[in-house]
Each structure stands twice: as structure tokens, then as C-alpha cells.
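User: I would like to go through a protein model step by step. Please show the sequence and structure before we start.

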Amino acid sequence: MSFTATDNPCTHCGACCASFRVDFSRQELLSEGGTVPDGLTVSLTDHLCRMRGTDHAAPRCAALQGQVGQKASCGIYEWRPSPCREFGLRAPLGLGDEACNRARARHGLPPLTA
């Protein structure tokens, strides 16, 4: 089965962005030569930072726009940090992995399957 960009669940789901903590190297920050906007992050250590909002009791990344499961998108998709780039690599094919399906279940969404 072939999916188009509009079929990609990652372009409208957002469950992962409202389920998990996102920590990454400070080198990925715009101010350090990377692409992630500094204003959307919090500093953890000299070497590590986190996407703002992802460590709340009810996590929701500061870059997430829209409503989870309906019409959600990443406001910095092209500049997102590496954990986001590496998450759910099979989802554009309509295939979820354990973490993707756990995030979807947390928001009452069905798992992605072939």
C-alpha cells in the first residue's frame, strides 16, 4: 500500500507530541548552530535540553499545533530535534510501532496497522 503526504498519520495525529518527554543535545539548538528554536526549549544541563511542555503531567510539546487526533501538526516540523525525527519512522507507511501505538492509545486513537 502506498501513502501520500496527506495520508501520512504523522501529519495530523500529534499523539506522540502529547505523550513523551523530548530531550536532546544542546548542539541542535539554533543558537548552537542547529535548527531547533531556543524559545521552545528548556535547558537541563550544559549539554542537554528539552522541548518545552513535554515534561508536564499532561505532556504537550510547545511546537504542537491543533488538536491531537484531529488536525495536529508540528509547528517546527522541518527544524524538529532528532528524537522527533527518529520517532515513528514507519508511521508514514501507515505502520505504527509500540511507542507510536501507546501514544495513540493514550489519546483514544486506534493503533496504526498495515
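**Cysteines, strands and a pocket**

Analyst: The sulfur of C13 lies 6.2 Å from the closest cysteine sulfur, that of C100, which is too far for a bond. This is a predicted model, and the values below are computed from it.

User: How many disulfides does the structure hold?

Analyst: A disulfide is a covalent bond between the sulfur atoms of two cysteines. To be counted here, the two sulfur atoms must be within 2.5 Å. C13 does not qualify, because its closest cysteine sulfur, in C100, is 6.2 Å away. For the structure, the number of disulfides is zero.

User: How far is C16 from the nearest cysteine sulfur?

Analyst: C16 is in no disulfide. The cut-off for a disulfide is 2.5 Å. The nearest cysteine sulfur to C16 belongs to C17, at a distance of 4.0 Å.

User: Is C13 buried or exposed?

Analyst: A residue is buried when its relative accessible area is under 20%. The relative accessibility of C13 is 9%, so C13 counts as buried.

User: What is the order of helices and strands along the sequence?

Analyst: The secondary structure consists of two helices and five strands. Read along the sequence, the pattern is β-β-β-β-β-α-α.

User: Which strands pair with β3?

Analyst: β1 and strand β3 (residues 48–51) run antiparallel and are joined by three bridges. In that pairing, F24 stands opposite C49. Strand β2 (residues 41–43) also pairs with β3 in the antiparallel sense, over three bridges, and S43 stands opposite C49. The strands that pair with β3 are therefore β1 and β2.

User: How many residues lie between β2 and β3 in their hairpin?

Analyst: β2 and β3 pair in the antiparallel sense. They form a hairpin, and the number of residues between them is four.

User: Which residues does S19 contact, leaving aside neighbours within four places in sequence?

Analyst: S19 is found in the segment before β1 (23–25). S19 is buried, because its relative accessible area is 9%, and the limit for that class is under 20%. With neighbours within four places left aside, its contacts are P59, A103, R106 and H107.

User: Which residues are closest to the centre of the largest pocket?

Analyst: The largest pocket has a volume of about 540 Å³. Of the 32 residues that line it, those closest to its centre are C10, C16, C17, C84 and F87.

User: How many charged residues are in the lining of the largest pocket?

Analyst: β5, α1 (82–86) and α2 (98–106) each give at least two residues to this lining. By class, the lining has 25 nonpolar and three polar residues, and the number of charged residues is four.

User: What share of the 114 residues is buried?

Analyst: S19 is one of the buried residues, and C13 also counts as buried. Across the 114 residues of the protein, the buried share is 33%.

Note on methods: Residues are numbered from 1 along each chain as its sequence is written. This is a predicted model: local features need pLDDT of at least 70, side-chain atom pairs count only at pLDDT 80 or more; totals for chains, interfaces and linings use all residues. Side-chain values use heavy atoms; hydrogens and water are left out. Buried means under 20% relative accessible area, exposed over 50%, partly exposed in between (1.4 Å probe, protein chains only). Contact means heavy atoms within 4.5 Å. On a 1 Å grid over the protein atoms alone, a cavity is a set of points where a 1.4 Å probe fits but cannot get out, and a pocket is an open set with protein on both sides within 12 Å along at least five of seven lines; lining residues have an atom within 4 Å of a point. Grid points are joined across faces, edges and corners, and a volume is the space filled by probe spheres set on the points. Ala, Val, Leu, Ile, Met, Phe, Trp, Tyr, Cys and Pro count as nonpolar, Asp, Glu, Lys and Arg as charged, and the others, Gly among them, as polar. Two strands pair if DSSP finds at least two bridges between them.
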